[in-house]
Amino acid sequence: ILAQDPDLLILDDFSMGLDPGYRRLFIDYLRSYAKSENKTIFTTSHIISDMERLIDDVLIMDYNRVLAQCPVNEFMQNFKQFNFTLSNDKIDLSKEKFVNNIEKINNEVELYTYESEDFVKNFLTDKGIENKNFKQVEMNLEDAFIGLTGKY
């Protein structure tokens with residue numbers, strides 16, 4: 001595929017069927033090729049861990065809506081996951097504007113947002129929502145994708 005020396009290479013699920021070692025080798029080669037030859041590679045994949053090693057920019061779409069479009073480093077820096085335990089499991093935060101997605105089992109919460117830790121903590125305090133074990137969780141790109149889209 002690289003022998004034709006295209007300026008734009010479009011690859012759809014390019015690593016499907018490759019063993020993990022060969023996937024990594026191919027991805028590392030693609031990244032090196034794109035940078036050294038000043039080429040653009042447009043790719044899709046269901047294996048998000050592959051994408052994390054390859055991409056500079058992220059475009060996440062869901063049902064024809066753009067959910068995120070920016071440099072991947074910017075996305076990973078700005079999109080956050082917070083975990084905490086609610087004292088009252090009847091509290092519903094899913095309708096709050098700053099919440100992009102929320103996973104809740106009983107009183108255990110995983111909240112995904114672009115807001116800061118201080119913002120979320122202050123929101124909970126201002127609304128009188130008692131919680132404990134509040135922490136920000138470091139995510140990889142796959143975690144962030146699932147957190148943003150709510151799709152497993």
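This is a predicted model: local features need pLDDT of at least 70, side-chain atom pairs count only at pLDDT 80 or more; totals for chains, interfaces and linings use all residues.
Helices (H or I, at least four residues) and strands (E, at least two) are DSSP runs, numbered from the N terminus. Residues are numbered from 1 along each chain as its sequence is written, and side-chain values use heavy atoms, with hydrogens and water left out.

Start at the beginning of H5. Asn140 caps its N-terminal end. A side-chain oxygen of Asn140 lies 3.0 Å from the backbone nitrogen of Glu142.

Which residues of H5 are buried? They are Leu141, Ala144, Ile146, Gly147, Leu148 and Thr149. Buried means under 20% relative accessible area, exposed means over 50%, and partly exposed lies in between (1.4 Å probe, protein chains only). The cover over these buried residues includes H2, S3, S4, H3, S6 and S7.

Asn101 sits in strand S6. Asn101 is buried, with a relative accessible area of 15%. A polar atom of its side chain lies 3.0 Å from the backbone oxygen of Gly147. A polar contact is a pair of N or O atoms within 3.5 Å; within protein, one must be able to donate a hydrogen and the other to accept it, and residues adjacent in sequence count only if both atoms are side-chain atoms. Leaving aside neighbours within four places in sequence, Asn101 is in contact with Glu110, Leu111, Tyr112, Ile146, Gly147 and Gly150. Contact means heavy atoms within 4.5 Å.

**Two nonpolar cores**

In soluble globular proteins, nonpolar side chains tend to be buried together. A nonpolar core is a set of buried Ala, Val, Leu, Ile, Met, Phe, Trp, Tyr and Cys residues joined through side-chain atoms within 4.5 Å.

The largest core here has 23 residues. Those with the most contacts inside it are Phe14, Leu30, Val58, Phe75, Phe79 and Leu141. Several elements give two or more residues to this core: S1 (8-12), H1 (20-37), H2 (48-54), S3 (57-62), S4 (65-71), H3 (72-78) and H5 (141-149). A second, separate core has 15 residues, including Phe82, Ile91, Leu111 and Ile129.

What does Phe75 touch, not counting residues up to four places away in sequence? Its partners are Val58, Ile60, Ala68, Cys70, Tyr114, Leu141, Ala144 and Leu148.

**The four-stranded sheet**

Four strands form an open antiparallel sheet in the order S6-S7-S5-S8. Two strands pair if DSSP finds at least two bridges between them. The edge strands are S6 (99-105) and S8 (131-137), and each pairs on one side only. From one strand to the next, the twist averages 20°.

S6 and S7 (residues 108-113) run antiparallel and are joined by six bridges. Within that pairing, Val99 has Thr113 of S7 as its bridge partner. Helix H4 (residues 117-126) packs on the sheet and touches S5 (80-86), S7 and S8. The direction of H4 makes about 160° with that of S8. Axes are lines fitted to C-alpha atoms, for helices over the stretch in contact, and angles run from 0 to 180 degrees between N-to-C directions.

**Salt bridges**

Side chains of opposite charge can pair when their charged atoms come close. A salt bridge is a side-chain nitrogen of Lys or Arg within 4 Å of a carboxyl oxygen of Asp or Glu. The whole structure has nine salt bridges. Among them are these.

| Salt bridge | Closest N and O atoms |
|---|---|
| Lys39 and Asp5 | 3.1 Å |
| Asp56 and Lys35 | 3.8 Å |
| Lys121 and Glu117 | 3.1 Å |

Lys39 and Asp5 link distant parts of the chain, 34 residues apart. Lys39 is in the loop between H1 and S2 (40-44), and Asp5 is in the segment before S1. Lys39 counts as buried because its relative accessibility is 12%. Asp5, at 42%, counts as partly exposed.

Asp56 lies in the loop between H2 and S3 and Lys35 in H1, so the pair ties together parts that are 21 residues apart in sequence. Asp56 is partly exposed at 44% relative accessible area, and Lys35 is exposed at 52%.

Lys121 and Glu117 both lie in H4, four residues apart, about one turn of the helix. Lys121 is partly exposed, with a relative accessible area of 34%. Glu117 is partly exposed too, at 26%. Elsewhere, salt bridges that share partners join Asp5, Asp7 and Lys39 into one network.
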